Amino acid sequence: MKRTFIQQTLALAVLAAVGTPAWAQDDASSWPSKPVKWVVPFPPGGAMDAIARTLGEVASRKLGQPFIVENKAGAGGNIGADYVAKQPADGYTLMITSIGMATNGALYNKLSYNPIKDFAPVSLLAVVPNVLVVSPHQKDIKSAKDLVAKAQQNPDKLTYASAGNGTSIHLAGANFTALTGVKMLHIPYRGSGPAITDLLGGQVDVMFDSITSARPHIQAGKLKALGVTTKTRSTSLPDVPTLAEAGITGYEVSPWFAAFMPAGTPPAIVEKLGKTLNEAMTDPEVKKRLDFIGAEPIGSTPQALGQHLKTETERWTALIKSAGITAD
């Protein structure tokens with residue numbers, strides 16, 4: 001008994017000297033007690049960056065600690081995701097990501113992280129629809145059905161631009177050709193900007209662009225919108241039909257954005273953050289700022305996001321493999 005008592009005393013002394021790990025000290029009631037790092041795995045200026053900064057401001061006010069945005073861009077979001085996956089699961093690292101979380105595993109030969117196992121889902125945040133737009137030089141294409149008919153008559157003659165291989169803009173086009181059976185030539189660019197420039201100039205024929213960058217050209221009458229890619233119409237372009245409404249049966253591509261934390265983050269912290277972000281998305285000022293970039297807030301529970309990621313991964317992996325798409 002004396003030996004056991006001594007052993008227990010020594011064990012307690014060691015624990016006292018080492019200290020309690022940070023993750024164990026922080027439960028939902030005391031979290032956050034210091035700034036939270038919000039990683040954006042793409043450059044500043046895009047929709048993802050804007051969503052993170054907008055929601056981060058509100059979360060900071062609600063939770064009493066700064067949410068500091070850090071852009072860690074590169075490799076289609078993989079550099080930032082790898083960084084977050086390797087951070088302590090203490091509730092102080094958060095990542096906003098996109099549909100790439102469900103596609104990169106199929107687009108890249110090898111990832112340094114597992115998109116499903118290495119992250120704790122927090123909440124879906126928003127959808128930014130893509131919209132099918134046609135060059136002003138293609139005056140005879142006035143609807144999605146016109147595009148299908150012309151592509152059928154001219155296989156591999158019509159071109160569709162994208163912001164790069166494997167982007168949601170590219171996958172929207174690949175899904176279109178898979179559903180309709182038409183053959184169009186994909187022209188990848190390094191970003192949406194140069195692709196839109198060539199679309200306006202007639203160097204390419206059509207594009208499934210993000211509503212964020214396409215809307216100003218649509219509203220100015222420079223590009224014709226044939227349909228949005230989402231299941232329902234966009235509040236930013238309410239007069240533009242969905243592609244399903246326009247006759248492309250079963251078509252839906254909803255580019256989503258969501259929040260994740262490192263796997264192992266205490267569930268109470270994940271739940272608290274998810275609730276805070278969902279509340280933030282009901283704020284009228286947040287809705288106004290998101291609408292400016294064409295983003296539509298959605299929100300979800302952590303469990304719903306986890307299931308959504310699995311479903312999307314299965315769906316896009318099948319399309320990417322069948323179409324032979326790679327990130328190169």
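## A cavity, a helix crossing and some backbone details

In this predicted model, helix α5 provides the largest share of the lining of the largest cavity, contributing three residues. The structure holds one cavity of 30 Å³ or more, and the volume of the largest cavity comes to about 50 Å³. Its lining is made up of Phe-42, Gly-76, Gly-77, Ala-81, Thr-97, Ser-98, Gly-100, Met-101, Asn-104 and Tyr-113. Sorted by class, four of these lining residues are nonpolar and six are polar, while no charged residue takes part. Two elements, β3 (93-98) and α5 (100-107), each supply at least two residues of this lining.

The axes of α5 and helix α12 (residues 302-323) come within 8 Å and cross at roughly 40°. The crossing in which α5 passes α12 is right-handed.

The backbone has some details that deserve attention. Most residues other than glycine have a negative phi, and most peptide bonds are trans. Against that background, the peptide bond from Trp-31 to Pro-32 is cis, with an omega near -5°, and Pro-32 belongs to the loop between α2 (22-25) and β1 (36-40). Ala-75 and Asp-156, neither of them a glycine, have a positive phi, and the table sets out their values.

| Residue | Phi | Loop | Relative accessible area |
|---|---|---|---|
| Ala-75 | about 55° | between β2 (67-71) and α4 (78-85) | 41% |
| Asp-156 | about 65° | between α6 (144-153) and β6 (159-162) | 45% |

Are these two residues, Ala-75 and Asp-156, buried, partly exposed or exposed? Ala-75, with a relative accessible area of 41%, is partly exposed, and Asp-156, at 45%, counts as partly exposed as well, because that class covers values between 20% and 50%.

Along the chain Gln-219 and Leu-237 are 18 residues apart, and their C-alpha atoms are separated by 9.1 Å.

Terms used
Residues are numbered from 1 along each chain as its sequence is written. This is a predicted model: local features need pLDDT of at least 70, side-chain atom pairs count only at pLDDT 80 or more; totals for chains, interfaces and linings use all residues. Side-chain values use heavy atoms; hydrogens and water are left out. On a 1 Å grid over the protein atoms alone, a cavity is a set of points where a 1.4 Å probe fits but cannot get out, and a pocket is an open set with protein on both sides within 12 Å along at least five of seven lines; lining residues have an atom within 4 Å of a point. Grid points are joined across faces, edges and corners, and a volume is the space filled by probe spheres set on the points. Helices (H or I, at least four residues) and strands (E, at least two) are DSSP runs, numbered from the N terminus. Ala, Val, Leu, Ile, Met, Phe, Trp, Tyr, Cys and Pro count as nonpolar, Asp, Glu, Lys and Arg as charged, and the others, Gly among them, as polar. Axes are lines fitted to C-alpha atoms, for helices over the stretch in contact, and angles run from 0 to 180 degrees between N-to-C directions. A crossing is left-handed if the near helix is turned anticlockwise from the far one by less than a right angle, and right-handed if clockwise. Buried means under 20% relative accessible area, exposed over 50%, partly exposed in between (1.4 Å probe, protein chains only).
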